[in-house]
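I opened this notebook to record what I looked up in the structure, entry by entry. The sequence and model come first, and my entries follow.

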Amino acid sequence: MKGVLLINLGSPEHNDLDSVKKFLREFLNDKFVINLPKFIRNFIVNLIIVPFRSTKTLKAYNSIWINRESPIIRNTQSIVKKLQKLISTPVEVAMRYQEPKIENALKKLSINGCNEITAIPLYPHYAMSSSLTTINHIKELNVKLGLNLKINIIESFYNDDRYIKALSENIRNNIPADLDFLLFSYHGIPNKHLLITDPTKEHCLKSNDCCELDSDAKRYCYKAQVLETTKLCSSYLGLQDNEWGVSFQSRLWPGWIKPWTDLELERLPKSGKKNIAVVCPAFVADNLETLEEISIRGKKKFLEAGGEGFTYIPCLNSDNLFLDCLKGLITNKKES
């Protein structure tokens, strides 16, 4: 029997300091997230980041926590509940970090009689700090637990027609009539990650137009994939080149791909873009990075820089078109 596993990034289990510290330690100590020698990574995470950022991070979570629930958990579970009504195969949800655990979801699917699993990391674009760490963890657990499941993994779906349609229609339904500019803000990653995931070791960042060139690297190139998603959506919506842009948020330090969203939000009003909308296509479920970083802090930064109108476009969450996309990925059927 077949089963389905949807995996998202994760969240602190509770909105208290201990939970935040526990989450940050697990997340940031992942070698695929901070790619440094283990002793250096442990030193930076456990002795610098966690002690000095936990209180600030907790404050951010407290500003978006809903009825004792983390938004990313709540929104992802809503996706699963609606998807289960559309397909006959069992569906489980898990988080890469913290609860609900991937290990428990795999066990439950196996106990329920599933011997073949379609696993979908809910990251449309491939990155080592999200997709790769999740994929490796699933494979390791399958061996460790002795489940012997046949696991089919959807690595990415950045250019899937149904995803582009869902994303574009969601944008269309949420943008104001007086819009000057649409900013596609994607989660940032270090440039180093692009080099590591380049299977050719000869393509990524070797030229200014590397993302425009055909290469085997594109299958694993986060930057090339987000740029293609943006162009496909812009074309779907009939936007001119001067009506949209791309930026990257959530950087931890220098050396991350540019341009950076926070600086773009300061620059845009000065360039005459006074009424903007921001969409975050790297996320399918609203979370800390969208609800607090963009919708609260990003809006404040834009308005303080001289902007007049700021619209945050929600993630797809349990949007019906996105559920159609997931159903198609699971059944491997093309859009009709």
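**Entry 1: the whole chain**

I looked up burial and found that 54% of the 336 residues of the protein count as buried (buried means under 20% relative accessible area, exposed over 50%, partly exposed in between, with a 1.4 Å probe and protein chains only). The model is predicted, so I note that local features need pLDDT of at least 70 and side-chain atom pairs count only at pLDDT 80 or more, while totals for chains, interfaces and linings use all residues. Residues are numbered from 1 along each chain as its sequence is written, and side-chain values use heavy atoms, with hydrogens and water left out.

I recorded 12 helices and 8 strands in the protein (DSSP runs numbered from the N terminus, helices being H or I with at least four residues and strands E with at least two). The radius of gyration is 20 Å, close to the 20 Å that the globule rule gives for 336 residues, so the protein is as compact as a globular protein of that length (the radius is taken over C-alpha atoms, and the rule is 2.2 Å times the number of residues to the power 0.38). Along the principal axes, the C-alpha atoms fill a box of roughly 60 × 55 × 50 Å.

I then checked contacts (heavy atoms within 4.5 Å). Of those in the protein with a separation of 6 or more, 76% are between residues 24 or more positions apart.

**Entry 2: the four-stranded sheet**

In which order do the 4 strands of the open sheet lie? I read β2-β1-β3-β4, with parallel pairing (two strands pair if DSSP finds at least two bridges between them). Strands β2 (91-97) and β4 (150-153) stand at the edges with a single partner strand each, so one side of each is left without a neighbour in the sheet. Neighbouring strands are turned by 30 degrees against each other on average, direction ignored (axes are lines fitted to C-alpha atoms, for helices over the stretch in contact, and angles run from 0 to 180 degrees between N-to-C directions).

I counted 6 bridges joining β1 (residues 2-10) to β2 in parallel. Leu-6 stands opposite Val-93 in β2, and Leu-5 has Glu-92 as its bridge partner there. Since 7 of the 7 residues of β2 are buried, β2 is largely enclosed by the rest of the structure.

Helix α5 (residues 128-144) lies across β1, β2, β3 and β4, at about 115 degrees to β2.

**Entry 3: Phe-27**

I located Phe-27 in helix α1 (residues 17-28). Is Phe-27 buried or exposed? Its relative accessibility is 17%, so Phe-27 counts as buried. Leaving out residues up to four places away in sequence, Phe-27 touches Leu-9, Val-33 and Tyr-97. Phe-27 and Tyr-97 are 70 residues apart in sequence, yet their C-alpha atoms are 6.3 Å apart in space.

**Entry 4: helix α8**

Helix α8 (residues 222-237) has 16 residues and reaches 23 Å from its first C-alpha to its last, close to the expected 22 Å (1.5 Å times one less than the number of residues). Its buried residues include Tyr-222, Val-226, Cys-233 and Leu-237. Against what do the buried residues of α8 pack? I found α6 (161-172), β5 (181-187), α7 (191-197) and β6 (244-249). Just after α8, Gly-238 takes a positive phi of about 70 degrees.
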